[in-house]
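Keep the structure open beside you as you read.

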Amino acid sequence: MKFGKKQIPVIIALIIAVIVSVASVINNQTEDSRPANNVNSNSGNLVVHFLDVGQGDSEFIELPDGKCMLIDAGTSEYSQTVIENINSYGYSLIDYVVATHPHADHIGGMSEVINSFEIGEIYMPKVSTSTRTFENLLTAISDKGLSINTARAGVKVYSGSILEIEFLAPVSSNYDDLNNSSAVLKISYGSNSYLFMGDAEELSEKEMIKNNHTLLDADVLKVGHHGSDSSSTYEFLSAVSPKYAVISCGVDNSYGHPHRETVDKLNKAGAEIYRTDEQGNITITCDGSGEFDVETEGK
């Protein structure tokens, strides 16, 4: 069949319309196939759960737009604890995953978490170790076809009009101690802010102070290195000026965390201290107005 010159533009337009229509259907099917979290917008609240994972770290964050973030997942023995908590909050997709550094008490449960949920983006500092725990995490990431975003100072996970999520550390690229390679994350929501320290120690604290002192100010501080005296210097706490300090550590742990020196410094800084070894899961909620609501599970 032959077409006249006047008919050709019409035919081309019809073909384009069909292509656009098909693409739209495929895209909708892809969106529909993604798991939907059973939450709405959290009523405009930012909800941070400091999970009790014994002598380890794990924080699950419900963002105001219904998305969520996981920072660390404790040791492997607590993987199911983390998974059960996330399920109880109504999430089947974790939009952002942060593994602060490759120590087992922070990433030991991460591979099981990744295997149990749909995952959006993963952030890790550019550092490695030869442990089986770290290799298991890399395998879980690879098996899901995910890529790793480098966590380092200045990298923004999210930037909006009132919600900002940004890494403040690591500042340098090489450290003798893996603790100082910890990804340090700040979440700002309106007039409220949270700072998550991983296991960052004095060296990293000094680098952050020198790199951008004003960014460190935060209302809620997840205390570095389980309250060890290797972290939380007077100079650093002065820069942060926290209203609340959360220490994640195990009951009667062999390290003696939190150390008395650190607790004393936090008290002198005027911070209200919460501990997972004493109070279990700790949830601190805000709506961006400057006020906070604190709930503890109790033990």
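The report below looks at a few residues in loops of this predicted model.

**The loop between β12 and α8**

Start at Asn-253, which sits in the loop between β12 (244–247) and α8 (260–268). Is Asn-253 buried or exposed? Its relative accessibility is 12%, and buried means under 20%, so Asn-253 counts as buried. The side chain of Asn-253 has a polar contact, at 3.4 Å, with the side chain of Gln-55. A polar atom of the Asn-253 side chain also lies 2.8 Å from the backbone oxygen of His-257.

His-257 brings us to another detail: the peptide bond from His-257 to Pro-258 is cis. Pro-258 belongs to the loop between β12 and α8. Asp-252 is found in that loop too.

**Positive phi angles**

Asp-252 is not a glycine, yet its phi is positive. Ser-241, in the loop between α7 (234–240) and β12, is likewise a non-glycine residue with a positive phi.

**Cis peptide bonds**

Ala-169 and Pro-170 are joined by a cis peptide bond. Pro-170 lies in the loop between β8 (163–169) and β9 (184–189). Here are the omega angles of the cis bonds described in this report:

| Cis peptide bond | Omega |
|---|---|
| Ala-169 to Pro-170 | about 5 degrees |
| His-257 to Pro-258 | near -5 degrees |

Technical notes. Residues numbered from 1 in each chain as written. Predicted model: local features only at pLDDT ≥ 70, side-chain atom pairs only at ≥ 80, totals over all residues. Heavy atoms only, no water. Helix = DSSP H or I, 4+ residues; strand = E, 2+ residues; numbered from the N terminus. Buried < 20%, exposed > 50% of the residue type's maximum accessible area, 1.4 Å probe, protein only. Polar contact = N/O pair within 3.5 Å; in protein donor to acceptor, adjacent residues only side chain to side chain.
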